[in-house]
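The sequence and the structure are shown first, and the description follows.

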Amino acid sequence: MKMSIKCVLVDIDKVLICEVEEVMAEPGEPDCRLIKPYLFNSIDDMKPWISASNQEEYMLRSDDILTIADPLPEVIEKYEELTK
């Protein structure tokens, strides 16, 4: 199954490239799973979001996401190279 890779804006200047999965949760609890999130600075500058951890999945509240968008094809290609 092919992943649905998205741009996730979590702060005014922090864009993550990752797969996003919605999960059932109690109100106020994390309800979005970010899979292999990479911090995007430019197509040549993407790195794991939390470099102090070797986790590949992180939980986040949907209220903490400002917006979600489709990345450019070249961004997806670079992300897939980095996460193989």
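## Salt bridges

E21 and R33 meet in a salt bridge, with their closest N and O atoms 3.2 Å apart. The model in which this pair is found is a predicted one. The bridge links distant parts of the chain, since E21 belongs to strand β2 and R33 to strand β3, 12 residues apart. E21 has a relative accessible area of 34%, so it counts as partly exposed. R33 is likewise partly exposed, because its relative accessible area is 23%.

R33 also forms a salt bridge with E57, where the closest N and O atoms are 3.4 Å apart. Because R33 lies in strand β3 and E57 in strand β5 (residues 57–60), this pair ties together parts that are 24 residues apart in sequence. E57 counts as partly exposed, at 42% relative accessibility. Through these bridges E21, R33 and E57 are linked in a network.

The structure has four salt bridges by the rule applied here. One of them joins the side chains of R61 and D64, at 2.8 Å from N to O. R61 is partly exposed, with a relative accessible area of 31%, and D64 is partly exposed at 31% relative accessibility.

| Salt bridge | N to O distance |
|---|---|
| E21 and R33 | 3.2 Å |
| R33 and E57 | 3.4 Å |
| R61 and D64 | 2.8 Å |

## Aromatic pairs

How many aromatic pairs does the structure hold? There are two aromatic pairs. Y38 and Y79 make up an edge-to-face pair, 5.8 Å from centre to centre and with 90° between the planes. Y38 lies in strand β3 (residues 32–42) and Y79 in helix α1 (residues 73–83), so this pair ties together parts that are 41 residues apart in sequence. Y38 is buried, because its relative accessibility is 14% and buried means under 20%. Y79 is buried as well, with a relative accessible area of 0%.

W49 and Y58 also form an edge-to-face pair, with 5.6 Å between the centres and 80° between the planes. Is each of these two residues buried or partly exposed? W49 is partly exposed, with a relative accessible area of 26%, whereas Y58 counts as buried at 10% relative accessibility.

## The nonpolar core

The largest nonpolar core has 16 residues. Those with the most contacts inside this core are V8, L16, I17, M46 and Y79. Strands β1 (5–11), β2 and β3 and helix α1 each supply at least two residues of the core.

With neighbours up to four places away in sequence left out, I17 is in contact with I5, K6, C7, K36, P37, Y38, F40, M46, V75 and Y79.

## Residue K14

K14 is placed in strand β2 (residues 14–22). K14 counts as partly exposed, because its relative accessibility is 36%. Which residues does K14 touch, not counting residues up to four places away in sequence? K14 touches V8, L9 and L39. From C-alpha to C-alpha, K14 and A69 are 13 Å apart in space, and they are 55 residues apart in sequence.

## The largest pocket

Rolling a probe the size of a water molecule over the atoms shows where empty space is left. In this model, about 160 Å³ of space lies in the largest pocket. Its lining consists of K36, P37, Y38, P48, W49, I50, S53, N54, Q55, E56, Y58 and T83. Strand β3 gives the most to this lining, with three residues.

T83 is buried, with a relative accessible area of 13%. Apart from neighbours within four places in sequence, T83 is in contact with K36 and Y38.

Definitions and conventions. Residues are numbered from 1 along each chain as its sequence is written. This is a predicted model: local features need pLDDT of at least 70, side-chain atom pairs count only at pLDDT 80 or more; totals for chains, interfaces and linings use all residues. Side-chain values use heavy atoms; hydrogens and water are left out. Helices (H or I, at least four residues) and strands (E, at least two) are DSSP runs, numbered from the N terminus. Buried means under 20% relative accessible area, exposed over 50%, partly exposed in between (1.4 Å probe, protein chains only). Contact means heavy atoms within 4.5 Å. Rings of Phe, Tyr and Trp (its six-membered ring) pair if their centres lie within 6.5 Å; planes under 30 degrees apart count as stacked, over 60 as edge-to-face and the rest as tilted. A nonpolar core is a set of buried Ala, Val, Leu, Ile, Met, Phe, Trp, Tyr and Cys residues joined through side-chain atoms within 4.5 Å. On a 1 Å grid over the protein atoms alone, a cavity is a set of points where a 1.4 Å probe fits but cannot get out, and a pocket is an open set with protein on both sides within 12 Å along at least five of seven lines; lining residues have an atom within 4 Å of a point. Grid points are joined across faces, edges and corners, and a volume is the space filled by probe spheres set on the points.
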